[in-house]
Amino acid sequence: MSAHRDRIELRGLRVRGNHGVFDFEKREGQDFVIDVTLHTSVTRAAATDDIADTVHYGELAEDVAHIVEDNTFDLIETLASRIAEHCLDLAEHVEVVVHKPGAPIQRSFNDVSVTVVRSRDSTVIAETETEAYLNLGANLGDAADTLDQAVAALDRHPRITVLRRSSLYRTAPWGGVEQGDFLNLGLIVSTSLPAPELLAVAQGIEVACGRTRELRWGPRTLDIDLIRFGVNHEELVFDTEALTLPHPRAHERAFVLAPWVELDEGAEILTPTGPRPITAVLTELGDQEITRIQAP
């Protein structure tokens, strides 16, 4: 955090842009509202009364507007980060909020926004790539199409590469809630994002696809779970309120393990009794209904 207590704020900048996971969002566009806070000293400008010694907020507004108008991103997380990177040329510490008031959500809502905070001393991006396993599921609307869109959105993220994708699996719902079958698939990705940021990107894609979190284990337009981050002795063990790794119930769910076995038959999974071959754990879940869907 900058030592400067002064700040320059640009709030409520409304710009038309073409960002979103869906094709119609990129084609038709929608309004985005941007808030920018620059933490920087205004002491010199106050003494000289010269605009050359401060940030020209008119030019700042134009620069931010061009970033929104001249690019197309799937996620407002990426848009906010791109704006923040530009603003670091003007101040040591910046905060950027991107609001998406017209987000395609099939429920009444007030706002969707992403806040990005960046400092010059924290902008060095680790080049280390980490392999992670994600499991995706859906059982509302055109579930197969939603899963296709989610995979494409993940792969378009500049710091995520989809390495392998499993077949689709039809699975019975989990948790005792009356609902239709799910379609599931697994992904092995490579990413330079930390695990919490990878999860945040996944949740942003869920929101873009209209997911709401009203009923645990209820029907979903899209569910993306981060199951494992890192492999072998470098696998991340992590436990916070927002994220637990490895996923604590993965070893109980055939719809998680079957796509994973298809992608990496030799993998081991951490269980309460220690690491075990994933194939052995999956065999013990033979009573769970799951069917691999052959590609047409």
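## Overall make-up

Of the 296 residues in the protein chain, 48% count as buried, where buried means under 20% relative accessible area, exposed means over 50% and partly exposed lies in between (1.4 Å probe, protein chains only). This is a predicted model, in which local features need pLDDT of at least 70 and side-chain atom pairs count only at pLDDT 80 or more, while totals for chains, interfaces and linings use all residues. Residues are numbered from 1 along each chain as its sequence is written, and side-chain values use heavy atoms, with hydrogens and water left out.

The protein chain has eight helices and 14 strands; these are DSSP runs numbered from the N terminus, with helices being H or I of at least four residues and strands E of at least two. Along the principal axes, the C-alpha atoms fill a box of roughly 75 × 40 × 30 Å. Among contacts (heavy atoms within 4.5 Å) with a separation of 6 or more, 67% join residues 24 or more positions apart.

## Nonpolar cores

A nonpolar core is a set of buried Ala, Val, Leu, Ile, Met, Phe, Trp, Tyr and Cys residues joined through side-chain atoms within 4.5 Å. The largest has 35 residues, and L136, L187, I205 and L226 have the most contacts inside it. Two or more residues of this core come from each of β5 (130-138), α5 (143-156), β6 (160-165), β8 (182-191), α6 and β9. The largest share, seven residues, is given by α6.

Leaving aside neighbours within four places in sequence, L136 is in contact with L147, A150, V151, L183, N184, L185, L187, D223 and I224. Another core, of 32 residues, lies apart from the largest one, and L60, I76, L79 and A103 are among its members.

## Helix α6

Helix α6 covers residues 195-208. The expected span of a helix is 1.5 Å times one less than its number of residues. For the 14 residues of α6 this should give 20 Å, and the end C-alpha atoms are 20 Å apart, which agrees. The buried residues of α6 are A195, L198, L199, V201, A202, G204, I205, E206 and A208.

## Two residues in their surroundings

R16 is placed in strand β1 (residues 7-17). With a relative accessible area of 47%, R16 is partly exposed. R16 and F32 are 16 residues apart along the chain, and their C-alpha atoms are separated by 6.1 Å. Not counting residues up to four places away in sequence, R16 touches E28, G29, Q30, D31, V68 and E69.

F73 lies in the loop between α3 (57-70) and α4 (76-87). Its relative accessibility is 11%, so F73 counts as buried. F73 and N18 are 55 residues apart in sequence but 7.5 Å apart in space, C-alpha to C-alpha. Beyond its neighbours within four places in sequence, F73 is in contact with N18, H19, G20, T78, L79 and R82.

## The cavity

The structure holds one cavity of 30 Å³ or more. On a 1 Å grid over the protein atoms alone, a cavity is a set of points where a 1.4 Å probe fits but cannot get out, and lining residues have an atom within 4 Å of a point. The largest cavity has a volume of about 30 Å³, a volume being the space filled by probe spheres set on the points, which are joined across faces, edges and corners.

I227, R228, E235, P246, A250, W260, I269 and L270 line the largest cavity. The elements giving two or more residues to this lining are β9 (223-229) and β12 (268-271). The lining residues divide into six nonpolar, no polar and two charged, where Ala, Val, Leu, Ile, Met, Phe, Trp, Tyr, Cys and Pro count as nonpolar, Asp, Glu, Lys and Arg as charged, and the others, Gly among them, as polar.

Key
1 Å grid on protein atoms, 1.4 Å probe; cavity = no way out; pocket = protein on both sides within 12 Å on 5 of 7 lines; lining within 4 Å.
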